[in-house]
Amino acid sequence: MTPRNLAFVASLALAFASPLACAGALLGAGVISTGLQETSVALTPDGNTLYFMRSDLAEADDTIMVSHRAGDRWSTPRVAGFSGEWHDSEPTLSPDGRRLYFVSNRPLRPGGTPVTATMNGRSFPGTNLWFVERQAAGGWAAPVHVDGALNDGAMIYNPSVAANGDVYFSAHRADSGKAYQIYVARDHGHAMPEQVPLGDLANNRMDPAVDPAGRFLLYAGNEGDALGSADIYIVFRQPDGGWSKPEHLGGDVNSRTLENAPSLGPAFGELFVSSARRDEVSFPKPRDDADSLQRRLQSPLNGSRNLWRFDISGVLRAHGIAH
């Protein structure tokens with residue numbers, strides 16, 4: 001790691017406490033963002049509690065973690081009380097913070113078998129949508145399965161919830177084509193899913209993040225102009241109720257690596273993204289010994305996915321959204 005990036009990473013342990021005008025900040029270097037995979041930020045409305053997913057590099061072992069703001073730093077993450085036993089991932093909070101949705105392969109009923117999915121002749125851990133409800137004492141109630149057609153096929157990913165209870169998600173369904181597409185299930189996820197029309201079904205679209213008021217929608221995909229394998233795009237609600245043409249987010253949001261799992265924070269224009277961007281290695285490099293090599297290869301910027309924070313308030317204002 002270059003001296004510049006060593007100083008950069010060291011300073012980013014405090015980055016979340018800095019003003020939102022700070023663009024492209026790694027979230028909690030060494031505490032939240034590590035040499036493992038971290039994705040899917042869900043931040044409480046007061047900004048003081050953070051839920052996210054941590055997994056191995058193959059993403060075969062996903063667990064939902066929670067961290068609390070401790071002064072100007074984040075506490076050491078622990079496993080969320082409702083996670084740690086099953087393949088749990090992609091937490092998202094309702095705008096009022098009273099429900100936390102996530103996807104899991106846990107059995108639908110006690111004593112049942114784990115959910116599995118099959119695609120192209122291959123079976124793998126499936127996902128259904130669940131939620132936990134905030135209790136009066138402050139903890140979470142037991143997980144509740146969302147019964148409805150959105151779980152058909154057991155391949156639902158990255159839920160996002162609008163203030164009116166509409167649940168957006170990505171999935172591979174009968175009308176998806178060969179790629180994944182984005183859907184919305186109204187009535188808190190219980191209604192029949194409707195595909196969100198965003199263009200050519202040959203293009204892969206994943207990980208929606210909906211504005212609580214439904215004015216815009218972010219997602220990960222490739223509309224033909226992605227810098228990496230997937231980038232972050234935004235569409236805006238039109239007067240007729242449809243969506244605008246996808247717009248590739250500029251600035252620092254996208255890189256030549258993978259960006260996905262966008263989510264919105266409680267501050268205006270606050271965007272969290274999972275990114276695989278890494279520190280550049282050039283040769284000849286300063287000669288490593290075993291300790292320096294291990295430190296560098298296990299650092300957050302080793303090519304694993306980490307959590308990054310951006311400010312897209314300028315993009316929103318340019319489209320007439322001021323708060």
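Me: Two strands pair if DSSP finds at least two bridges between them. With that rule in hand, in what order do the strands of the four-stranded open sheet run?

Reply: First, a heads-up: this is a predicted model, where local features need pLDDT of at least 70 and side-chain atom pairs count only at pLDDT 80 or more, while totals for chains, interfaces and linings use all residues. Residues are numbered from 1 along each chain as its sequence is written, and side-chain values use heavy atoms, leaving out hydrogens and water. Strands here are DSSP runs (E, at least two residues), numbered from the N terminus. The sheet pairs its strands in the antiparallel sense, and its order is E7-E8-E11-E12.

Me: Which strands stand at the edges of that sheet?

Reply: Look for strands with a single partner. Such a strand has one side left without a neighbour in the sheet, so the edges are held by E7 and E12 (144-145).

Me: How many bridges join E8 and E11?

Reply: E8 covers residues 99-104 and pairs with E11 in the antiparallel sense. One spot to look at is Arg-99, which stands opposite Glu-133 in E11. Counting along the two strands, the number of bridges is six.

Me: And on the E12 side, which residue stands opposite Trp-130?

Reply: E11, residues 128-133, also pairs with E12, again antiparallel and over two bridges. Phe-131 faces Val-144 in E12. For Trp-130, the residue across in E12 is His-145.

Me: How many residues of E11 are buried?

Reply: Buried means under 20% relative accessible area, exposed over 50%, and partly exposed in between (1.4 Å probe, protein chains only). E11 has six residues, and it is largely enclosed by the rest of the structure because the number of them that are buried is five.

Me: Is Thr-92 buried or exposed?

Reply: Thr-92 sits in E7. Leaving aside neighbours within four places in sequence, its contacts (heavy atoms within 4.5 Å) are Ala-42, Arg-99, Leu-100, Tyr-101, Pro-159, Ser-160 and Val-161. With a relative accessibility of 12%, Thr-92 counts as buried.

Me: What about Ser-67: how far apart are the C-alpha atoms of Ser-67 and Ile-32?

Reply: Ser-67 belongs to strand E4, residues 62-70, and is buried with a relative accessible area of 0%. Not counting residues up to four places away in sequence, Ser-67 touches Ile-32, Asn-48, Thr-49, Leu-50, Trp-74, Ser-75 and Pro-77. Ser-67 and Ile-32 are 35 residues apart along the chain, yet the separation of their C-alpha atoms is 8.0 Å.

Me: Switching to rings, how many aromatic pairs are there?

Reply: Rings of Phe, Tyr and Trp (its six-membered ring) pair if their centres lie within 6.5 Å; planes under 30 degrees apart count as stacked, over 60 as edge-to-face and the rest as tilted. By this rule, the count of aromatic pairs is seven.

Me: What kind of pair do Tyr-157 and Tyr-180 form?

Reply: Their centres are 5.9 Å apart and there are 65° between the planes. That makes the pair edge-to-face.

Me: How many residues apart are Tyr-157 and Tyr-180?

Reply: Tyr-157 is buried at 14% relative accessibility, and Tyr-180 is buried too, with a relative accessible area of 16%. Tyr-157 is in strand E13, while Tyr-180 is in the loop between strand E14 (167-171) and strand E15 (181-185). The pair links distant parts of the chain, and the gap in residues is 23.
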